[in-house]
Each structure stands twice: as C-alpha cells, then as structure tokens.
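Hello,

Here is the structure you are taking over. My notes on it follow below.

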Amino acid sequence: MLAVSVAGCGHSSPMHLVTHMFGPSPGALIGTVAADEPQAAMVGRDILSRGGNAADAAAAMGMALAVTLPSRASMGSGGACLAYRPGDNEGGRAFIFTPRGGTTDGIPGAPHADRPAAVPMLVRGMYLMHLQYGTTSFAEILPDAMSLAVNGVNVSHQLASDLATVQGPLLADPGMRAIFSRTDGTALVEGDALVQTHLSGVLDQIRSMGVGDMYNGALAQSFTAGSQAAGGGLQTSDLRAAIPSERLPLRVSAAGGLTVAFLPPPADGGLGSAVAFRALLAGQGNPEALSQGVVAAWRARGGDTQGKLTNDDQTARAQAVLDSGTPGSGMLPPLPASTSFAVVDHAGMAVACSLTMNNLFGTGRIAGNTGIVLAASPARMPAALLSAAIASDGHAFRAAVAGSGQNDAAAAVAEEMKLVLSGQAPASRAVTAEGRVNAIVCPRGLPGDGAACVAGSDPRETGLAVGPR
C-alpha cells in the first residue's frame, strides 16, 4: 500500500456527523481509498472511519476536491462515477454528469461570452450517486469540504504544478489572482495556505437550503450572474436543465467468472477502456491505439457527448460497438486533464470516479462572489477521457480502477485492471506515459477477507492510498 504523509489538512470531524455515523471499534476494517489529491482522500477516509459507506465517502471526496483541487474538479466541473454493491448482478450503476455547454454557447446575439463556461454538474452528479447508494443525508457529507475551504488547506503538489503551468494567463484575472496568488503576486506554491471563504459560504448554503438551490434558487441566480460577468454566458435555464443520469455500465467478461464494468458514454473513455481491456485479455493490439481509435470513431459518428439519447439507447449502442470487436480508427486531438479517485468500504461497496474541468482551471475565471472556478464549455474544445472500472463476481467486489490524465487515460485504466486481476499490486508501476491511475484490489473478494485488500495511487505523483484499517 502506498502511504503519503499529509500535514495540515485543516479539516475536522463535525460532531453532528459523528452522532449519525457510529465509528467502528479500534483496529476494525473500515475500507480503502485512493486519490490524486491527499487531503480529499483523507476526507473519504474519515467518513469511512465514522461509519459511512463508500458512497458517503465518495460524495464527500468529490465535494472536497472542489476545494483542494479546483484546477481539475471545482464545483463548476463535471464527470462520471461507477458505483457497485455486492449483489449488483449487472455490474453496478453508472452516474453520468459530464460537462456540457450552455444553451446560448455560439449563438449570435446571445449574452457576451468570450470564455464560454460549462454548466456545473458536479454537485447534482454527486447528489444523485449518493441518493442511490449513500446512508446519510447529503447535507451531512458537506461539513468536511466547508471546513477545508474556510480554514484553509495546504496547496498540494498537484495543485501547485497546475498553477505553475498556467500562472501567467490565470493570474491576469483579478478574481483568480485574489484566490491563487501570494502577496507578491506570484502563484501559490506547494505548502502555501489556500483559503476560500466565499466557496465555504456556497457549500454552507447548499447544506442549509439543499442541492436544488444551486440549480433553481438564489444560489443559481448568483452563479449565473457571476458567470455572465466573467464571460461564461450561462443562463438560469442551463442550470435547471443540468440533470445527471443513472444508467447501466458497459460490461466485459473476464476469467474466473468476473465481470468488469466500465463507464458508458457520454463518458466515452469507458468505451475506450473496455475495448482495450478486451484486447489485452486476448493478447491483441496496442491498448493506447485501440482506446483512442474507438473513441475517435465513436465521436466521428456523432457519439452522444451531450447525452441526447435515452440512457438505455446510449449504453446499448456503445455495448454493441464493444461486442462487435471491430476496432475503431483515427486519433484524438490533445485532450484536457482530469482527476480520479476510488473508494471501497468494509462491506464491499465500491465507487470509482473521474472528474474534469475541460481545461486546467476551466475558463480561468471565477463566477462572481461564489468562489467557484468556471469549467470550460465542451462546445469549444474536445471532451476529456473519463474512465473508471469495477470488477466483481456479482456477489463480491474484486477491484476498482479510476483513471485520469489526458489521451491515454482510458488505456491506463484497461492496463491497470488487467494487471491487478492477474495478481500484481495496484499502481506499483507506470502503465502509460500520461495516464494516471488510482486502484484498489481485494484478491479474495469483499465481503470476504478485507484485510487482504490493497490500494495504490500512481507512483509518479503524490496522491494518497490508504486502508483497509
């Protein structure tokens, strides 16, 4: 198990949450987490230690990432998650909340939008997944993220690297400079304190008023006004229409009676991973070329990147492409970065997610006084490859892999899943040049021997994997 020491996380254990989650006895198995960003991983770990399940922990981690890694997963972002619990014979469920453009993006005469923003999907996406699989109210998983925002976090290695990459254009914007710069005007560096009081207020309002306030209430009005002032061009109608979906995953059969579930389109990195994984099992082809080729072909044929097909039609169409065994052709243009995480609880419930801003720091602007970094509209640039996979035998969890990176993120998930199912330790080596993985494997199944579960975060980064005690 890869372990990373994290100092100054700045989050606490709210007493009202503890009273609803009765923690396990000392030394008990509580579950396992792995993420690119250590402070968000520790939030998930704390939720598990207080008696929450994997969905509670995953929702808390997703909201914490909006504070600790806004370059890749702000509250303006989107993504997709796979969730599984023992007994899910269809491999679990996929929750799709990929970034989408506003209704007026690119329409002549529409409100000024020099940097079109994506509709914020993260909050509703995490809410839907948690509603279906969680054990407590969504409001009760928010205080950790609120505390991180108001008390401050230490800038992680990943966030510092992202800031350094784009600091010139990013800090040219006054709103971004007020949050992400030091007193001398340079970008924050690793270990610096990042305090986001406005963002904490938004989280508190969601906790008090409900998720609907972000999309239909006073918070929605503040956000859209801030978006328009920042050149994002979003309308309140865009937020009302921001509905995530629940659908069946893509599935591939593997040895030993296992089924490996993958994210379905419009999270089409899952399709790329599934095709590459099937080829790897057969000892055929180049996984990176195969994954990019099938996604390029899917998109060229009008792949449903905006989720306009029904859920069943979308997944069935992608499953047919997968089952046909016909390789796609073509290459993808340079794609935006993403981030990922995975969590498994002591009972074998698992969640694996991939999130993106469609560009580092999205549009590079803040939505007014909300403190929310606006993600970039996918109507103006290629969509990220979002990929995650969960292996099970229907009755027991076996492995979870979540991928991030850029063009080879999908291939990285496929290669890592094959390796961990063949008995190799998770994330013990780099699997592709740019793809990064977070992986958890329970070789004896879960429920079962939970003490045998092992987690890993990509060895080239400073993520965190910890568990199962």
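What volume does the second largest pocket have? About 240 Å³. Of the 19 residues that line this pocket, K418, V420, L421, S422 and G423 are closest to its centre. Helix 16 (409–421) supplies the largest share of the lining, four residues. Helix 13 (269–281) and strand 15 (436–446) each supply at least two. By class, the lining has 14 nonpolar, three polar and two charged residues.

This is a predicted model: local features need pLDDT of at least 70, side-chain atom pairs count only at pLDDT 80 or more, and totals for chains, interfaces and linings use all residues. Residues are numbered from 1 along each chain as its sequence is written, and side-chain values use heavy atoms, without hydrogens and water.

The largest pocket holds about 280 Å³ of space. Its lining has 16 residues, with R72, Q158, A337, G405 and Q406 nearest the centre; the lining divides into four nonpolar, six polar and six charged residues.

Helix 3 (residues 54–68) and helix 6 (residues 143–151) pack at about 10°, with axes 8 Å apart. The two helices are therefore roughly parallel (angles under 35 degrees). M63, A64, V67 and T68 of helix 3 meet A145, L148 and A149 of helix 6 in this contact (heavy atoms within 4.5 Å).

On terms: a pocket is an open set of points on a 1 Å grid where a 1.4 Å probe fits, with protein on both sides within 12 Å along at least five of seven lines, and lining residues have an atom within 4 Å of a point. Helices are DSSP runs (H or I) of at least four residues, strands (E) of at least two.

Regards

Technical notes:
Grid points are joined across faces, edges and corners, and a volume is the space filled by probe spheres set on the points. Ala, Val, Leu, Ile, Met, Phe, Trp, Tyr, Cys and Pro count as nonpolar, Asp, Glu, Lys and Arg as charged, and the others, Gly among them, as polar. Axes are lines fitted to C-alpha atoms, for helices over the stretch in contact, and angles run from 0 to 180 degrees between N-to-C directions. Angles under 35 degrees count as roughly parallel, over 145 as roughly antiparallel, 65 to 115 as roughly perpendicular and the rest as oblique.
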